Amino acid sequence: MRSHAFIFLFLIYTNHLLAKEFFVSVSGIPTNSGTVQSPWNLQYALDHPSVVRPGDTISMLEGHYYGKEAIGDYRGAGFISKIKGTKDNPIIVRAFPGHRVILDGGNRQHPTDRTGGLDSHVIGIFGDYTWYIGFEITDSSDFSRSGYNTGQTWRVRSMFSTGTGLKFINLLVYDTGNGLGPFSGCVDCESYGNIVFYNGWSNLGIRGHGEGFYGQNSEPVKKLIDNIVFKNFDSGIILYGSGQATINNFHLEGNVVFQNGVINDDPNGWGFLFGKNTTTTGTGNNFLIKENYHYNRFDYNRSNNIDLAYQSGLSNVIFRDNYSVGFNAVKYNIPVVGLSAIGNTFVGNVNQVAANQISRDSNSIFSSSNPPKNNIISIRPNLYEKERAHIVVYNWENKLSEKIDLLDLNLVDNREYEFLDVQNIFGSAIVRFKYSSSQSEILLPLTLNEVTKVAGDSVPRPAVHTESLFNVFLLRRVELNTSLKVESLSSYQIYQINDKELRITSNDDEEYSISMIDLFGKEIISTNRINRELLLKLPESGAGIFFINIRKKGFNKTHKLSVLNAF
């Protein structure tokens, strides 16, 4: 699977002529310089070397990254990140565009062998104002996914996070002991665009363990936006705690949550579960819950898509424009104080407490025997990565395929894109196409059956694709396999970072004049580099032969530039 497209949004927060990029590889070493030719290892980079400053980027090159094997301090984390950016200039830690980067706990000591009650995690994150973008977190081991001891974690957990202003963006988190856990120690944190599935294990005969998200919060608002959360062993998104915990100030929007709990030996699970385990310390407060999408089968009678008031209740809740389909479309047992419920659609059971608060005049409620007649299509563009989106289809018309109009996504004509079935995320693209704004509709098949295999032994129930009634797709740009010889001289280096941009870095602070010339002698770009680094946009034509001329007083050199774009 190709990694996600190049992230553009960070340029808004940094002056890209001043910010630097450092590189990491599986074969890198701490004594290297951190360039693409001389990369660091990952742990050295996560220790925040002094040369890395706010606004910089740390790019991980393709590979499987395994942390330390033994379980020790820092809650047994294989990697520890101590990176600190600033609010105005966060540091980016990302998968390099076009590279599949996997942080894997599969080499770790089995969690059930731990001592002192320590869990085992793939990565522990400290520091502040750092954005983690576009890589995978997993436990690829073949250890069992089921057992009888409730006190033991049967998978290496994904991560823990403590700090301010952390963001987790477009990650894949799967086959670990839990999904993402934005607890109270993660202040002003955001989880955006992540795909979270198959996390947890089964406590045989009782229930599954391991949620897609498990969070707590005090203030300010914690955001969970546009995540896709499915088929985890326990539930989807749980904002829950004991009487001493705080679950205040949450913003949940655009999340797609479906079929959690179904691979446990005794299937049961929630989509949303919000509340504490007691009423004695008050409710959770201040929730914005809008435009989320839920699905479970109508015969999955131990599921509950939305529980707004688990045991303790909630207060001050805006609940609007959500779409929920399942046996229990919405069910809670304690009335919500200060509930504003408008524009929601529920297909399935709505229990009496919820029905008393959710007006049919302001919301649409259908029974499973008399569902809606027309298909529902939701297209959610990604705010951090241009040319990427999540698409949800409720296929009430029982079609074999559905046309999706992409005109509003501002895709680029003649550029190649692909649709992936989220339930078979590592499989081949179901559709690959060159976009044309004059023909912006793409036909997507809805009768899909292949799924990603669940890792590990003794999985109680196999993962099965949803029926054609419900499908979720990922649209993304196809990354080109672009090759360019790296020029390394004593004073500067040239290398291509993706199919659109060229980076020129130098080892001094002198001013260079830089020009790009095509084969016909036409000057395409002319600029002066006044800092140590410059990004040049390559010609829209892409492939071809060009010349880069770099000159300063007493120095003039021209490089032949062969850009080879291969699909």
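Is Lys290 buried or exposed, judged by its relative accessibility? At 15% relative accessibility, Lys290 counts as buried in this predicted model, and the views below begin with the salt bridge that this residue forms.

**View 1. The salt bridge between Glu253 and Lys290.** The side chains of these two residues meet with N and O 3.9 Å apart. Because Glu253 belongs to strand S24 (residues 248-253) and Lys290 to strand S27 (residues 284-290), the pair ties together parts that lie 37 residues apart in sequence. Glu253 is buried, its relative accessible area being 13%. Both Glu253 and Lys290 also take part in a network of salt bridges that includes Asp226, Glu291 and Arg380.

**View 2. The salt bridge between Glu387 and Arg415.** Here the closest N and O atoms are 3.0 Å apart, and the pair links distant parts of the chain, with Glu387 in the loop between strands S35 (376-381) and S36 (388-394) and Arg415 in the loop between strands S37 (401-405) and S38 (416-421), 28 residues apart. Glu387 counts as buried at 7% relative accessibility, and Arg415 likewise counts as buried at 16%.

**View 3. The salt bridge between Glu416 and Arg432.** The two side chains meet at 3.9 Å, N to O; since Glu416 lies in strand S38 and Arg432 in strand S39 (residues 431-434), the contact ties together parts 16 residues apart in sequence. Glu416 counts as buried at 13% relative accessibility, whereas Arg432 is partly exposed, with a relative accessible area of 38%.

**View 4. The disulfide between Cys186 and Cys189.** The structure holds 1 disulfide, in which the sulfur atoms are 2.0 Å apart. The torsion about its S-S bond is about -100°, so the disulfide is left-handed. Both Cys186 and Cys189 are buried.

Methods. Residues are numbered from 1 along each chain as its sequence is written. This is a predicted model: local features need pLDDT of at least 70, side-chain atom pairs count only at pLDDT 80 or more; totals for chains, interfaces and linings use all residues. Side-chain values use heavy atoms; hydrogens and water are left out. A disulfide is a pair of cysteine sulfur atoms within 2.5 Å. Buried means under 20% relative accessible area, exposed over 50%, partly exposed in between (1.4 Å probe, protein chains only). A salt bridge is a side-chain nitrogen of Lys or Arg within 4 Å of a carboxyl oxygen of Asp or Glu. Helices (H or I, at least four residues) and strands (E, at least two) are DSSP runs, numbered from the N terminus.
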